[in-house]
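Here is a brief report on the model shown below.

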Amino acid sequence: MAEMRTKKQLTHQRMLEAAGQSFRKNGFAGIGVDGIAKSAGVTSGAFYAHFGSKGGAFEAALKAGLDEVIAAIPLFRTAHGQAWARKFADYYLGQAHREDLGGGCAMTSLSPEVVRASDNIQAIYEDGMAHIVTLIAEGLEGGTLDERTARAWAFLSSLIGGLTLSRAVGSALVSDQIAAAAKEAAVGAAGRAV
């Protein structure tokens, strides 16, 4: 029985990853259940058994994507100390991340989808983003908690906006210029990190 449960969990994880990549790359309207199921190597019936609907898969993929960021920030803080915000910005606006639409950050790729989503999805997004901002604010030095929270929102907004703009242009040179400017704006907004 434990073997079957493990296989089911692995299948669910594979479908969740396929859904996340598909929604990030194609948008909610740009991919159907059949396409997600095919990329996960399962039937559409298996997909519905795990998620209930395409909307259910989007909700799960959104949560998983935000959880990736929630897990990453403490790792950056531990690995890079006071340089963590710059290192995070370097990664976030780096060429590899800019070019990886399907595997890139859910904050950037899924935010436009959330704008058009249900109140429930928007609440999930808001909770996840608030958690991310809290983690960022905890890694900043100086000022009140409200001031560090405002700087965290500015840091995050610069990264997300910069990634969006740098992906939207056709020129590699302009993409690099946008990324460099957004990175400096983000790090400047964050201020000193701890």
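Leaving aside neighbours within four places in sequence, phenylalanine 155 is in contact (heavy atoms within 4.5 Å) with Ala85, Phe88, Ala89, Ile136, Ala186, Val187, Ala189 and Ala190. The model is predicted: local features need pLDDT of at least 70, side-chain atom pairs count only at pLDDT 80 or more, and totals for chains, interfaces and linings use all residues. Residues are numbered from 1 along each chain as its sequence is written, and side-chain values use heavy atoms, without hydrogens and water.

Phe155 also belongs to the largest nonpolar core, which has 55 residues. Such a core is a set of buried Ala, Val, Leu, Ile, Met, Phe, Trp, Tyr and Cys residues joined through side-chain atoms within 4.5 Å. Buried means under 20% relative accessible area (1.4 Å probe, protein chains only). Among the residues with the most contacts inside this core are Phe23, Trp84 and Ile136.

Serine 22 sits in helix 1, residues 2-26. Serine 22 is buried, at a relative accessible area of 7%. Its side chain reaches the backbone oxygen of alanine 18 at 2.8 Å. Beyond its neighbours within four places in sequence, serine 22 touches Gly27, Ile31, Ile36 and Ser39.

The protein chain has ten helices and zero strands (DSSP runs: H or I, at least four residues; E, at least two).

| Property of the protein chain | Value |
|---|---|
| Residues counted as buried | 41% of 194 residues |
| Span of the C-alpha trace along its principal axes | about 50 × 40 × 30 Å |
| Contacts joining residues at least 24 apart, among those at least 6 apart in sequence | 69% |

Technical notes
Buried < 20%, exposed > 50% of the residue type's maximum accessible area, 1.4 Å probe, protein only. Polar contact = N/O pair within 3.5 Å; in protein donor to acceptor, adjacent residues only side chain to side chain.
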